[in-house]
Amino acid sequence: MRELTKRKRHVIKHDNIVVFPGAVQTLIREGHMFAENYQYEKAIASFEKAFIYETGDEFALSAYAFALYELKEYDKAKGVCEQLFTMGTTMYVEVMELYITICMQLKEYHQVETLITTLLEESVLPSDQVEKFERLKSLNREVSKNLEKKENAQRFIEEQEYELEKFSALTANEQSIKLHRLMDTNVRQLKTALQAIIESTTVHPFVQSLALILLVEQEVSIDITVSKLGHSKTINPAQLSLPNQLPQYGEIKNIVESQLAQDPTTLEMVQYLMAKHAIVTFPFEWHPFEAEDVAYSYIDFVSSMLGNVKEMDYEIVDFLQMLEKLTELH
């Protein structure tokens, strides 16, 4: 009876699942065996099952980290190494070497440089390991420099893609797509190339606007002379609002919404056209026309599209039709 009670103390419960004595140790032994035989996926599976029920010791965790590294699961492997450092592992040098290698794979070269420098300066490493870590430091620097050169070369190639001569060889659709790819990137290094695109009188007005919007969104300060649709002026993107935030747009929008409050279908179509056209006219808006005249012309224009023919200001409607044609490429 005493022996039965003693055995019960070793039973582990997890989410109402009973794990019998020795099961966790068996999983850990299997993990080590799989790792030693290069069966890393099976090793990881065994270790992770075991770690559900109890925290692994430093030998199990280090084998687990190594298996993760071999399968290129670098972020998880790095986290396990950090867990081992927190525990105060007796395998400090081996784990540190793995940790540094993982950081290099993650391209955290600055962190590696700082870490190894600190290890060497504070004489933390055994004397027979110093040379190895100095070699790692040299390798880290070399890889970092090579990557920087490669990235600079790639950046140079990408920048050339936006040089006016090469850019102008593309169709307007292709130019539009190429500019859209810059939406989530820092365009400051391309500001001179984008300036040339915006200032070109042969580039499509819609494409000119897309390039200008990129500079406005990132508040890039540079003087640009824009010429399109019979207008020309010098502007600075850092001091310019986006197309749908300009004064005339707001005036037209308010009039349209007031007039079409009971006609949501026409309102939606007018708003759609306005949004498109505001891009192609940017930064000139609908000048020299007055906001009120433009607003009523949009309403008449859309009504005629829906089959309701009305008397219209044909000069403005012709202008709207031209804008519509200019936005067809998008």
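Student: How many salt bridges does a search of the whole structure find?

Tutor: The model is a predicted one, and side-chain atom pairs count only at pLDDT 80 or more. A pair qualifies when a side-chain nitrogen of Lys or Arg lies within 4 Å of a carboxyl oxygen of Asp or Glu. Over the whole structure, the number of salt bridges found is 10.

Student: Which parts of the chain does the salt bridge between Lys132 and Glu97 tie together, and how far apart in sequence are they?

Tutor: The closest N and O atoms of Lys132 and Glu97 are 3.1 Å apart. Lys132 belongs to helix H8 (residues 130-161) and Glu97 to helix H6 (residues 92-105), so the bridge joins parts separated in sequence by 35 residues.

Student: Is Lys132 buried, partly exposed or exposed?

Tutor: Buried requires a relative accessible area under 20%, and exposed requires one over 50%. Glu97, its partner in the salt bridge, has 27% and counts as partly exposed. Lys132 has 28% relative accessibility, so its class is partly exposed.

Student: Which residue forms a salt bridge with Glu113?

Tutor: The closest N and O atoms of this pair are 2.7 Å apart. Glu113 lies in helix H7 (residues 109-121) and its partner in helix H8, 28 residues away, which links distant parts of the chain.

Student: What is the N to O distance in the salt bridge of Lys166 and Glu161?

Tutor: Both residues are partly exposed, Lys166 at 44% relative accessibility and Glu161 at 25%. Their side chains meet in a salt bridge with an N to O distance of 3.3 Å.

Student: Turning to packing, what is the orientation of helix H3 relative to helix H4?

Tutor: The axes of H3 (residues 40-53) and H4 (residues 58-70) come within 9 Å and cross at roughly 140 degrees. Roughly antiparallel would require an angle over 145 degrees, and roughly perpendicular covers 65 to 115. The orientation of H3 to H4 is therefore oblique.

Student: How many residues of the contact of H3 with H4 are nonpolar?

Tutor: From H3 the contact includes Ile44, Phe47, Glu48 and Phe51, and from H4 it includes Leu61, Tyr64, Phe66 and Glu70. No polar residue takes part, and two are charged. The nonpolar residues of this contact number 12.

Student: Which residues are linked with Glu48 in a network of salt bridges?

Tutor: Glu48 is one of the H3 residues that make the contact with H4. Glu48 also belongs to a salt-bridge network, where the residues linked with it are Glu73 and Lys76.

Methods
Residues are numbered from 1 along each chain as its sequence is written. This is a predicted model: local features need pLDDT of at least 70, side-chain atom pairs count only at pLDDT 80 or more; totals for chains, interfaces and linings use all residues. Side-chain values use heavy atoms; hydrogens and water are left out. Helices (H or I, at least four residues) and strands (E, at least two) are DSSP runs, numbered from the N terminus. Buried means under 20% relative accessible area, exposed over 50%, partly exposed in between (1.4 Å probe, protein chains only). Axes are lines fitted to C-alpha atoms, for helices over the stretch in contact, and angles run from 0 to 180 degrees between N-to-C directions. Angles under 35 degrees count as roughly parallel, over 145 as roughly antiparallel, 65 to 115 as roughly perpendicular and the rest as oblique. Contact means heavy atoms within 4.5 Å. Ala, Val, Leu, Ile, Met, Phe, Trp, Tyr, Cys and Pro count as nonpolar, Asp, Glu, Lys and Arg as charged, and the others, Gly among them, as polar.
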